[in-house]
Amino acid sequence: MMLSEHTYKQFDAELESVRASVLKMGGLVEEQITNAVEALIKGDIDLANKVDANDHHVNALEVAIDEDCINIIARRQPTASDLRMVMMVVKTITDLERIGDEAAKIARMAKLIHQAERISLPRFNEVKYMADLVLDMLHKALDGFARLDATKAVEIARQDLSVDEEFRLNLRHLITFMMEDPRTISVFIDILFITKTIERMGDH
């Protein structure tokens, strides 16, 4: 009986450790998004380089957490709710890693835009608004994960519809601007790429 209880406590501690690692990874991804958008808006090349360089930290966390989950399944053979928790973690870290990749793409685009020495640069108000929506979605998702509370899922799904609508609006505006002034085509294609990247973050 004591051995069984001890084993259960070890298993519980392992699950809690994995959950903590997911939240750590989520916090890093939030920081990556914030820094990537700031680098874009301010033309901060050093910050863009930092985001690009830190992407490997996100990837390393995904690998480490995935290995922990495999070990838990192999050694503990969890059943029912515990197995669902482990599988949810595996899916979650995959999405977080992909969001991190998208943040790194924005950082790289920020460098391209600001190093191109264009005569004028567009305002990034729409990009910032979309990124803030996605950051709020991610924060709520991580908070729900931390509390094991699924009640925010409907609200997050509704916000994703808002992100999709913002992307469509931005697409129409950018096409209009490019038609009115062909000289803007190059930079607005870059902005379109960035808004699509943010829209994909919302999907994840």
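The structure holds 17 salt bridges, a salt bridge being a side-chain nitrogen of Lys or Arg within 4 Å of a carboxyl oxygen of Asp or Glu. Side chains of opposite charge can pair when their charged atoms come close. This is a predicted model, in which local features need pLDDT of at least 70 and side-chain atom pairs count only at pLDDT 80 or more, while totals for chains, interfaces and linings use all residues. Residues are numbered from 1 along each chain as its sequence is written, and side-chain values use heavy atoms, with hydrogens and water left out.

One of the salt bridges joins Glu102 to Arg200, with the closest N and O atoms 3.2 Å apart. This pair links distant parts of the chain, as Glu102 lies in helix 3 and Arg200 in helix 6 (residues 185-203), 98 residues apart. Helices here are DSSP runs (H or I, at least four residues), numbered from the N terminus. Glu102 is buried, at 5% relative accessible area, whereas Arg200 is partly exposed at 27%; buried means under 20% relative accessible area, exposed over 50%, and partly exposed in between (1.4 Å probe, protein chains only).

Another salt bridge connects Lys128 with Asp132, whose closest N and O atoms are 2.9 Å apart. Because these residues are four residues apart in helix 4 (residues 125-147), about one helical turn separates Lys128 and Asp132.

Glu155 forms a salt bridge with Lys140, the closest N and O atoms lying 2.5 Å apart. Here Glu155 belongs to helix 5 (residues 153-180) and Lys140 to helix 4. Lys140 is buried, with a relative accessible area of 15%.

Methods
Helix = DSSP H or I, 4+ residues; strand = E, 2+ residues; numbered from the N terminus.
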